[in-house]
Amino acid sequence: AREWGLLLMDEVHVVPANTFLTCTIKTKSRCKLGLTATLVREDDKIGDLNFLIGPKLYEANWLDLQAKGFIATVSCAEVWCPMTAEFFAEYLRQPVAVGRQLYAMNPSKFRACEYLVRFHEARGDKVIVFSDNVFALKKYAIKLKRPYIYGPTPQHERMMLLEKFKSTSEWNTLFISKVGDTSIDLPEANVIIQVASHFGARRQEAQRL
């Protein structure tokens with residue numbers, strides 16, 4: 001097998017995962033360099049990077065980056081959306097998998113999302129709505145008549161929607177599944193709404209910010 005001079009890996013926090021680990025081991029190189037904005041994992045494998053890649057050489061402080069204007073200063077708010085008594089009673093009767101769908105499709109949550117989208121669009125904001133629940137993602141987007149991007153969205157359609165979102169006023173809100181967590185640069189967006197997410201995933205929250 002060919003030996004490379006430099007193996008450069010972006011989003012290096014994913015390297016300890018089994019699929020990427022195989023690629024790293026089979027690709028021979030004299031030097032390895034990893035980059036990531038979020039050096040965190042929810043398992044105990046982040047330490048594996050020390051022998052897979054090498055020791056950490058540099059880490060920027062987020063507060064310093066904010067102070068110098070390289071990343072935005074973020075203000076977060078949690079919006080509680082109580083279920084109606086009838087909806088909550090049905091939610092309690094359902095198995096866990098169905099319950100996940102129901103809390104994402106909570107009518108109160110949908111109305112809150114609709115209000116926030118229309119409020120921020122009226123102010124001229126660019127809004128991204130994240131939902132890891134694909135069923136909810138499609139239902140919300142279709143009901144609100146806004147574009148959405150998820151796994152099966154063709155590459156040419158993704159690029160077209162992203163370009164319209166960034167450079168025109170035709171679409172000021174874009175619904176995105178977890179495919180938007182990495183490798184999508186949308187500095188024009190200044191509002192994020194999360195409808196459904198992987199609870200406890202620090203990396204996911206940091207990536208989206």
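Modeller: Of the 209 residues in the protein, 33% are buried. This is a predicted model, where local features need pLDDT of at least 70 and side-chain atom pairs pLDDT 80 or more, while totals for chains, interfaces and linings use all residues. Residues are numbered from 1 along each chain as its sequence is written, and side-chain values use heavy atoms, without hydrogens or water.

Biologist: Why is Gly99 called buried?

Modeller: Buried means under 20% relative accessible area, exposed means over 50%, and partly exposed lies in between (1.4 Å probe, protein chains only). Gly99 has 6% relative accessibility, so it counts as buried. Gly99 sits in helix 5, and helices here are DSSP runs of H or I with at least four residues, strands runs of E with at least two, numbered from the N terminus.

Biologist: Which residues does Gly99 contact, beyond its neighbours within four places in sequence?

Modeller: Tyr91 and Gln94, where contact means heavy atoms within 4.5 Å. Helix 5 runs over residues 96-104, and Leu102 and Ala104 are buried in it along with Gly99. The cover over the buried residues of helix 5 includes helix 4 (85-93), helix 6, helix 7 and strand 6.

Biologist: What makes a set of residues a nonpolar core?

Modeller: They must be buried Ala, Val, Leu, Ile, Met, Phe, Trp, Tyr or Cys residues, joined through side-chain atoms within 4.5 Å. The largest one has 17 residues, and Cys113, Val129, Tyr140, Phe175 and Ile193 have the most contacts inside it. Helix 6 (107-122), strand 3 (127-131), helix 7 (134-144) and strand 6 (191-196) each give at least two residues to this core. Helix 7 supplies the largest share, five residues. In soluble globular proteins, nonpolar side chains tend to be buried together.

Biologist: Which residues does Tyr140 touch, not counting those up to four places away in sequence?

Modeller: Ala104, Met105, Asn106, Lys109, Phe110, Cys113, Phe175 and Val195. There's also a second, separate core of nine residues, with Ile128, Ile149, Leu161 and Leu174 among them.

Biologist: What stands out about the phi of Glu11?

Modeller: Glu11 is not a glycine, yet its phi is positive, about 50°. Glu11 lies in the loop between strand 1 (3-10) and helix 1 (18-26). Its relative accessible area is 16%, so Glu11 is buried.

Biologist: Where is Lys145 found?

Modeller: In the loop between helix 7 and strand 4 (148-149). Lys145 is another non-glycine with a positive phi, about 60°. With a relative accessible area of 63%, Lys145 is called exposed.
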